[in-house]
Amino acid sequence: MSAVEASGEPEPDRPVPRRLLTARGLGDRLFRYQLTATGLAVLTVMAAVGLFLLLRAAQALRVRGWKFLTTAAWQPDVHNFGIAAVLTGTLLIAAVAVTISVPLAVGTALFISHVAPRRLRRTLVTMVDLMAAVPSVVYGLWGLFFLQQHVIGLSRWLSDWLGWIPLFTVDGTRPGEPLASESVYTASTFVAGIVVALMVAPIQCSVMREVFAQAPAGEREGAYALGATRWGMIRAVVLPYGKGGIIGGTMLGLGRALGETIAVYLIISPVFVIQPHILQTGSNSVSSLIALHYGDASTFGMSALMAAGLALFLLTLAVNFTASSIVARSRSGAQSEA
Amino acid sequence: MTVVEETGLTSGRGEKTGVRADADGPAADAPGAELPDRPRRIGGVSRSGVLSLAGAAVSGLCVAVLLFGELAPFSGALGFTVTAYAAFLAIYAVLTGLEEDREAVRDRVMTVVLWTAAVLLFAALALVVGFTAWRGREALPHGNFFTQDMQAAGPLDPLSHGGIAHAMLGTLIMITIALAITVPLGLACAVYLNQIPGRFSRFVRTIVEAMTALPSIVAGLMVYAVWILGLGMQKSGLAAGFAISVMMLPIVIRASDVVLRLVPGTLAEAAEALGAPRWRTVWHVVLPTARSGLATAVILGTARGIGETSPVLLTAGFTAALNGDPTNGPMISLPLAVFTFVRSPEPTMIARGFGAAAVLMGLVLVLFAIARVIGGRGPGHQSKRQARKTAKASRRDEERFTELHAAALQLFDSGSQDDTEQINDSGDSH
């Protein structure tokens with residue numbers, strides 16, 4: 001029980017400010033202790049993730065040292081392994097995904113918050129949220145059985161016309177060669193990137209929409225009152241206001257894209273060389289490396305996988321901290337939910 | 001920033017608006033440019049707008065047909081669509097430009113672009129969902145698909161043998177374990193973040209927020225490191241449940257935290273002012289007010305947890321048999337079953353995979369629908385039943401107060417003078 005008490009006898013001539021005391025009853029103290037203990041427990045679980053990965057990875061990291069970051073091969077049993085190839089693959093897949101998903105997500109978020117007919121808005125919001133909850137294995141199936149065949153034309157066109165950029169080169173084909181084997185375009189970073197893009201776009205969209213919808217009505221009406229068109233209003237008010245949300249949403253999607261396992265694993269054909277050609281078959285990612293090798297790993301091999309997992313964990317953690325600090329510092333505030 | 005130089009209220013068509021804007025402003029192209037005499041249309045549909053849209057669409061299509069069929073050596077469905085769209089946008093811009101100023105043209109074109117982005121995203125997502133459901137049609141009509149496991153069915157057996165009962169049971173058990181851990185822990189932690197502010201709780205909140213995008217395979221790896229390598233347990237449904245909990249916990253905490261923050265402070269303050277201790281305030285005021293939002297948070301977390309494959313892949317092992325014991329022996333979940341089915345080259349196995357994926361998707365959809373029905377209302381809004389219950393409770397309270405009041409009046413009438421003075425004294429001293 002909390003109670004307010006006046007303490008001491010006030011002197012008759014000089015008024016003394018009353019001291020406010022809150023006495024917490026036993027129930028409340030227990031309540032506080034219990035809640036704090038819960039907070040501590042959650043923190044422990046979260047810390048345990050990093051700690052145990054580090055503990056298990058220590059053996060492998062001691063053997064390889066800095067070479068762990070620069071080696072592309074993965075042969076842990078002869079102590080020749082590193083994450084150069086898988087990390088490059090992870091970053092490339094995430095980069096492709098974010099490049100595709102961000103324009104879609106920004107456009108859709110603006111559409112839902114400011115362009116769509118009012119009665120459609122709630123439905124659209126629900127649909128976006130629902131899409132964010134669709135299991136990643138479903139996206140993986142779609143990529144494997146549908147997109148894989150249909151994207152070859154686009155991949156070929158890109159490599160024909162933009163093949164002079166190293167990123168889009170495909171070894172073993174010449175521009176315009178009609179008989180080139182189609183299989184060199186499948187199972188590539190690009191295909192995996194498209195699938196991951198569709199997976200993260202709803203998440204990004206829902207964060208951005210949340211922020212766009214909060215753009216101050218006064219400023220929006222001000223823009224209209226000064227004769228702005230709707231797009232003029234969006235450019236002058238909504239986009240500057242929602243910048244934090246755009247960056248935060250993008251980073252959040254990036255975090256998800258970096259950690260995606262199953263969809264990527266289903267699509268790519270793993271290679272253990274650094275593969276900078278995103279259209280060419282063969283790619284890799286940290287998480288699919290773990291999914292691929294956890295079953296047949298020796299004790300030392302497991303330690304090496306833990307080290308790879310630790311690297312992925314630190315990478316996503318860094319991305320996330322950046323995202324939340326950007327969103328928190330921007331004007332849009334921290335109201336966006338993941 | 002825009003500058004208003006003259007103020008004059010304009011009410012109707014045909015009056016000068018009297019507003020000028022500098023170059024940065026959205027309103028005009030150049031400093032001092034006069035705005036059109038008519039008020040700006042923002043949104044809405046006009047006849048000429050529809051006509052130019054339709055005209056541009058038709059001509060865009062014609063340009064593409066011409067280019068692809070007759071003039072240039074282009075080919076491919078995708079190229080056709082892109083060319084048609086580009087031509088459509090250009091023609092639309094020109095058509096609008098015939099009767100509008102530059103700002104309006106830009107607005108029209110961007111509106112079309114935003115529509116396109118949204119249609120593209122929703123179409124792609126509908127394609128993903130629709131494709132899975134369509135491919136699942138082969139396996140789903142078989143009743144045995146839901147009642148049998150894969151123990152007796154080989155890869156070459158037709159769809160009338162075997163099913164995913166073991167995976168469904170596994171998913172149910174794992175998610176139950178995960179919910180049993182995350183709901184009490186997650187909600188209590190969210191309450192902690194809201195009710196006991198301070199440096200430590202801010203720190204916990206930061207960590208939890210950073211963990212919401214924890215790669216699910218890392219969660220699986222952690223449980224693998226602790227439970228299976230560290231404690232020497234075998235792969236089991238329990239371990240998978242733990243892995244899913246680690247993944248779900250930050251999601252549930254974050255979503256509940258957001259919901260709890262929306263509970264009006266006045267309600268809690270009113271409870272405190274009535275002398276309720278903090279824990280009663282939380283239990284009787286804060287949590288019930290946020291109930292629908294909390295349910296949504298938990299259900300959305302569940303939807304995420306059900307769909308995750310990689311933590312289960314690492315910790316649950318693999319089995320084709322029905323296993324109802326989470327502490328003993330390997331177990332399989334729906335997403336993991338999908339994953340293993342589609343890696344087989346056999347068409348029937350792939351059909352089973354799609355069937356299982358469709359079931360999984362249906363499950364997520366149902367959970368989501370429940371979440372929407374429960375969580376459609378903000379904090380403080382009640383359903384009809386809840387409203388009736390509250391009304392009944394306050395009627396009861398009123399009766400109780402009337403009785404108490406009557407008793408107090410009797411006391412007042414029959415009590416001695418000293419009693420009354422004491423009451424007065426205690427009232428004055430504050």
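Biologist: What pLDDT does chain B average?

Modeller: This is a predicted model, and pLDDT is the predictor's confidence in each residue, from 0 to 100. In chain B, 82% of the residues score at least 70. The average pLDDT of chain B is 79.

Biologist: In which helix of chain B is confidence lowest?

Modeller: Confidence in chain B is highest in helix α5 (residues 165-195), at 90. Over residues 419-430 of chain B, by contrast, pLDDT stays under 50, and the model has one contact beyond four places in sequence for them. Where pLDDT is low, the predicted coordinates should not be read in detail. With a mean of 47, the lowest confidence in chain B belongs to helix α16 (residues 417-428).

Biologist: How far apart do the C-alpha centres of domain 1 and domain 2 of chain B lie?

Modeller: The domain assignment of chain B gives domain 1 as residues 47-124 and domain 2 as residues 165-382. The C-alpha centres of these two domains of chain B are separated by 45 Å.

Biologist: Which helix of chain B gives the most to the side that touches chain A?

Modeller: In the model, 89 residues of chain B are in contact with 83 residues of chain A. The side of chain B that touches chain A divides into 64 nonpolar, 16 polar and nine charged residues. The helix that gives the most to this side, with 20 residues, is α3 (residues 102-135) of chain B.

Biologist: Within chain A, is the crossing of α1(A) and α13(A) left-handed or right-handed?

Modeller: The axes of α1 (residues 26-64) and α13 (residues 299-329) of chain A come within 7 Å and cross at roughly 130°, which makes α1(A) oblique to α13(A). Among the residues that make the contact are A:V49 and A:L53 of α1(A), and A:F300 and A:F313 of α13(A). The residues of this contact divide into twelve nonpolar, four polar and one charged. As to its hand, the crossing of α1(A) past α13(A) is left-handed.

Notes:
Residues are numbered from 1 along each chain as its sequence is written. Chains are lettered from A and ligands numbered from 1 in the order in which they are written. This is a predicted model: local features need pLDDT of at least 70, side-chain atom pairs count only at pLDDT 80 or more; totals for chains, interfaces and linings use all residues. Axes are lines fitted to C-alpha atoms, for helices over the stretch in contact, and angles run from 0 to 180 degrees between N-to-C directions. Helices (H or I, at least four residues) and strands (E, at least two) are DSSP runs, numbered from the N terminus. Angles under 35 degrees count as roughly parallel, over 145 as roughly antiparallel, 65 to 115 as roughly perpendicular and the rest as oblique. A crossing is left-handed if the near helix is turned anticlockwise from the far one by less than a right angle, and right-handed if clockwise. Two residues are in contact if their C-beta atoms, placed from the backbone, lie within 7 Å. Ala, Val, Leu, Ile, Met, Phe, Trp, Tyr, Cys and Pro count as nonpolar, Asp, Glu, Lys and Arg as charged, and the others, Gly among them, as polar. Domain bounds come from an automatic or database domain assignment.
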